[in-house]
Structures are given as C-alpha cells and as structure tokens.
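Trainee: I am new to this structure and would like to learn how to read it feature by feature. Could you show me where to begin?

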Amino acid sequence: SEARYLEALAWLAGERAAEGVAAMAAMASATADDVVSRVLRDRAQLALAHHYLDNGQQAQAISHFQQVQSNGPHASRALLGLGWAQVLPSLTESGAAPGARAVPLRVADEDLAGLRRTTPFRYYRAIASGEREEDLRLALAAWQELIGRDPLDPAVQEGVLAIPYAYEHLAAHAQAQERYEWALALLQRGHELLMEAVTHVESQALVAEIDRRDSAAEDGWPWWLTRRREARWWMDESAPLDPIFYVEHLLEDDAFRIAVADYRTLRSISARMRALEPHGADVGARVRQLQPQLDAALTAQRRLVTELAAAGLKKRLRSTEVYLIEAHLALARMHDAPPDGRERVQRAS
C-alpha cells in the first residue's frame with residue numbers, strides 16, 4: 001500500500017535502512033498484476049536503485065533500474081538513473097573505501113541533474129578513456145532511450161542534456177553540438193506547453209474538464225489517464241492537443257491527487273443529495289438546509305485543486321527554464337576553441 005511504501009522510504013533515509021531495504025524488496029517482488037500494484041512495484045524498484053546508487057553499489061542499482069517496467073510511468077526515471085549507475089565509479093578516485101564518496105550523492109529524482117553538473121567529470125573538457133569510456137558508452141545507450149518521450153518529464157529533460165554531455169566527454173563534438181541544438185528545441189517546446197497549461201489551469205478550465213469527464217463516464221479519471229498514456233501527444237505536433245495533456249504529471253504529487261479525489265467525492269455527495277430532494281418535504285427541506293454548506297466546501301475544494309495544479313506546473317516551468325539556460329550556455333561553449341591537450345579520465349579501480 002501507499003502507506004507501507006512511504007514508511008519504507010522513511011526507513012531508507014534514516015537509521016533503519018536495512019529494514020527499509022527489506023520492506024522495499026518485498027514490495028518490488030509482489031506478484032499482483034493490477035495497475036496500482038505494478039506502479040507500486042516500480043516505485044519500490046526505483047527507491048532500492050537510488051539507495052544502492054547512493055551507497056556506491058552500482059551493480060545492485062543497475063539491477064533494480066532494469067526491472068522497472070519499460071512502458072510504465074516511471075520508465076524515464078529508471079533510464080536516467082541506469083545511465084548514471086553505469087558512469088559513476090564504485091570507488092572514489094581518492095582511494096577511499098568501497099562505497100565511500102568524497103561528495104555524498106543525492107539521487108532522489110529531483111537531484112539527478114546534480115550528477116551531470118558535478119560528477120564524475122568536474123571539467124567539462126575532460127575526455128574519457130579506457131574503461132571509463134566504455135562506461136560512458138553504456139550510459140549513452142540508456143539515455144538514448146529517453147529520446148521521443150514526454151518533453152514535460154523532468155527525467156527526459158535531464159536526459160536530453162545528459163546525451164550531449166556524454167558525447168562531449170567522448171570527444172564527439174559534432175554529435176554533441178547537434179544534440180544540444182535538438183535538446184534546445186525540445187525544451188523550448190516543453191516551455192511553451194507548460195505556459196499553455198498554466199493558463200488553462202488558472203482559467204478554471206481544469207476543474208471544468210474534471211466535471212465534464214466525470215459526467216460523461218462513471219470511471220472518468222482512470223479512463224482519462226489511460227487515454228493520456230496511449231495518446232503520446234508529443235510525437236505529433238500537428239495532432240489535436242488534449243486540453244488536459246499535463247494532468248499525468250500533476251498526479252505524481254500526493255497533495256494534488258488527494259485534493260482531486262476529495263473534490264470528486266464532494267461532487268458525488270452533492271449529486272446524490274440533490275437526487276434525494278424530491279423524496280418528501282422533510283427530506284427536501286433537510287437537503288436545502290445542507291446544500292449551502294456543501295456548495296461552500298465544493299468552492300473551496302475547486303480553489304485548492306486549481307492552486308495546487310498551478311503551483312505544480314509553475315515549479316516544472318521554472319525547472320524547464322533552468323534547462324533552457326543550460327542548453328544555451330552549452331551551445332555557446334561549444335563554439336569556444338578547445339585547449340591543447342585535453343585531460344583524460346580513467347575509471348577508478
């Protein structure tokens with residue numbers, strides 16, 4: 001369950017890491033095949049992979065990243081992490097003990113970008129050789145799988161910059177420049193879409209769309225998500241864009257999910273109360289007495305859903321803007337004349 005997962009996640013981050021690993025492993029190996037169970041398994045696999053990556057146990061991290069379902073909502077994060085598990089050395093170059101690191105890693109999803117910015121190549125002109133070169137090529141193979149995925153996904157946005165990063169450190173400068181230009185175009189498209197999404201939410205259109213789809217289908221929310229996943233709207237810019245193309249990303253936030261669920265529950269209660277109104281004068285009077293309170297609760301919940309959605313999209317918009325700046329700077333840097341004698345970096349052993 002969600003509660004069990006959150007408890008295990010807290011153990012991993014605290015003094016009960018061994019218990020957290022055991023609990024996550026049990027969830028990752030569960031055999032139930034419903035949608036919720038599959039997603040929970042993927043989340044447990046990612047948590048274990050990040051834990052092992054953070055502790056310098058690359059082989060275990062790679063194994064768990066590879067077990068995340070390739071067509072699931074967490075596949076992009078797994079591919080991004082898999083690449084880093086290939087690149088990052090198991091030992092520090094300073095000769096520290098196995099698993100120790102000069103700078104502690106933070107491998108939560110939102111921190112994966114920090115790996116590209118700080119490790120393992122602290123000099124942007126460093127060129128990999130030997131086993132480190134092979135590591136980088138393996139990482140590049142994983143990151144290439146991110147091409148063609150959702151441009152609003154932070155893992156995809158990080159991945160499209162990690163690809164030219166890898167080419168730079170392989171001395172493939174023409175390919176690096178081409179990929180930076182491609183990344184810039186993708187990030188600009190993502191920025192435009194996020195701006196549209198913010199406008200859509202702030203106009204109250206998101207809540208109106210929830211109402212409309214719930215009225216059209218009893219299982220509107222799961223149907224909504226299924227159609228969104230199948231549509232792959234980002235693959236064809238000429239295709240009509242679903243007005244709620246951004247919702248899947250919002251649903252990753254627990255607070256937003258709960259707010260939407262509460263809003264839909266209130267709407268259902270309101271509809272049932274109105275249906276009771278014709279059943280006798282006493283019932284009708286009681287419904288009319290309670291309806292203003294319910295309407296006020298619905299109004300407040302609509303506001304909360306809108307505020308959380310706008311905040312989530314604006315956070316993603318700011319992140320996209322950072323990536324856009326990085327892409328511009330990387331392209332500008334590519335035009336600098338390379339210095340004589342590039343530093344070559346071997347993998348620590």
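Mentor: Let us begin with burial: a residue is called buried when its relative accessible area is under 20%, exposed when that area is over 50%, and partly exposed in between. Please keep in mind throughout that this is a predicted model.

Trainee: What percentage of the residues in the protein chain do buried residues make up?

Mentor: Buried residues account for 46% of the 349 residues in the protein chain. The secondary structure of that chain comprises 14 helices and 2 strands, and among its contacts between residues at least 6 apart in sequence, 70% join residues that are at least 24 apart.

Trainee: How should I describe two helices that pack together, and what is the case for H5 and H7?

Mentor: Two packed helices are described by the angle between their axes and by the distance between those axes. Here the axes of helix H5 (residues 75-87) and helix H7 (residues 130-144) come within 8 Å and cross at roughly 175°. An angle over 145 degrees counts as roughly antiparallel, and H5 and H7 are therefore roughly antiparallel to each other. On the H5 side the contact is made by Leu79, Leu80, Leu82, Gly83, Trp84, Gln86 and Val87, while H7 contributes Arg132, Asp135, Leu136, Leu138, Ala139, Ala142 and Trp143.

Trainee: Which residues touch the most other members of the largest nonpolar core?

Mentor: In soluble globular proteins, nonpolar side chains tend to be buried together. The largest nonpolar core in this model has 59 residues, of which Met24, Met27, Phe65, Trp84, Trp143 and Tyr180 touch the most other members. Helix H8 (residues 154-169) supplies the largest share of this core, with 9 residues. Apart from this core lies another one of 30 residues, among them Leu193, Ile210, Ile244 and Leu250.

Trainee: What does Tyr180 touch, if residues up to four places away in sequence are not counted?

Mentor: With those neighbours set aside, Tyr180 touches Leu161, Pro164, Tyr165, Glu168, Ala330, Leu331, Arg333 and Met334.

Trainee: How many aromatic pairs does the structure hold?

Mentor: There are 3 aromatic pairs in the structure. For Phe245 and Tyr246, the ring centres are 5.4 Å apart and the planes stand at 85°, so this pair is edge-to-face. Phe245 is buried, with a relative accessible area of 4%, and Tyr246 also counts as buried, at 0% relative accessibility. Elsewhere, ring pairs link Trp84, Trp143 and Tyr165 into a cluster.

Trainee: How far apart are Glu321 and Gln188 in sequence and in space?

Mentor: Glu321 and Gln188 are separated by 133 residues in sequence, and their C-alpha atoms are 8.6 Å apart in space. Glu321 belongs to helix H14 (residues 281-334) and is partly exposed, with a relative accessible area of 33%.

Trainee: Where does Ala171 lie, and what is its phi?

Mentor: Ala171 lies in the loop between H8 and helix H9 (173-202), and its phi is positive, at about 65°, although Ala171 is not a glycine. At 39% relative accessibility, Ala171 counts as partly exposed. Gln204, another residue other than glycine, has a positive phi near 75°; this residue is placed in the loop between H9 and helix H10 (205-216), and at 41% relative accessibility Gln204 counts as partly exposed.

Definitions and conventions
Residues are numbered from 1 along each chain as its sequence is written. This is a predicted model: local features need pLDDT of at least 70, side-chain atom pairs count only at pLDDT 80 or more; totals for chains, interfaces and linings use all residues. Side-chain values use heavy atoms; hydrogens and water are left out. Axes are lines fitted to C-alpha atoms, for helices over the stretch in contact, and angles run from 0 to 180 degrees between N-to-C directions. Helices (H or I, at least four residues) and strands (E, at least two) are DSSP runs, numbered from the N terminus. Angles under 35 degrees count as roughly parallel, over 145 as roughly antiparallel, 65 to 115 as roughly perpendicular and the rest as oblique. Contact means heavy atoms within 4.5 Å. A nonpolar core is a set of buried Ala, Val, Leu, Ile, Met, Phe, Trp, Tyr and Cys residues joined through side-chain atoms within 4.5 Å. Buried means under 20% relative accessible area, exposed over 50%, partly exposed in between (1.4 Å probe, protein chains only). Rings of Phe, Tyr and Trp (its six-membered ring) pair if their centres lie within 6.5 Å; planes under 30 degrees apart count as stacked, over 60 as edge-to-face and the rest as tilted.
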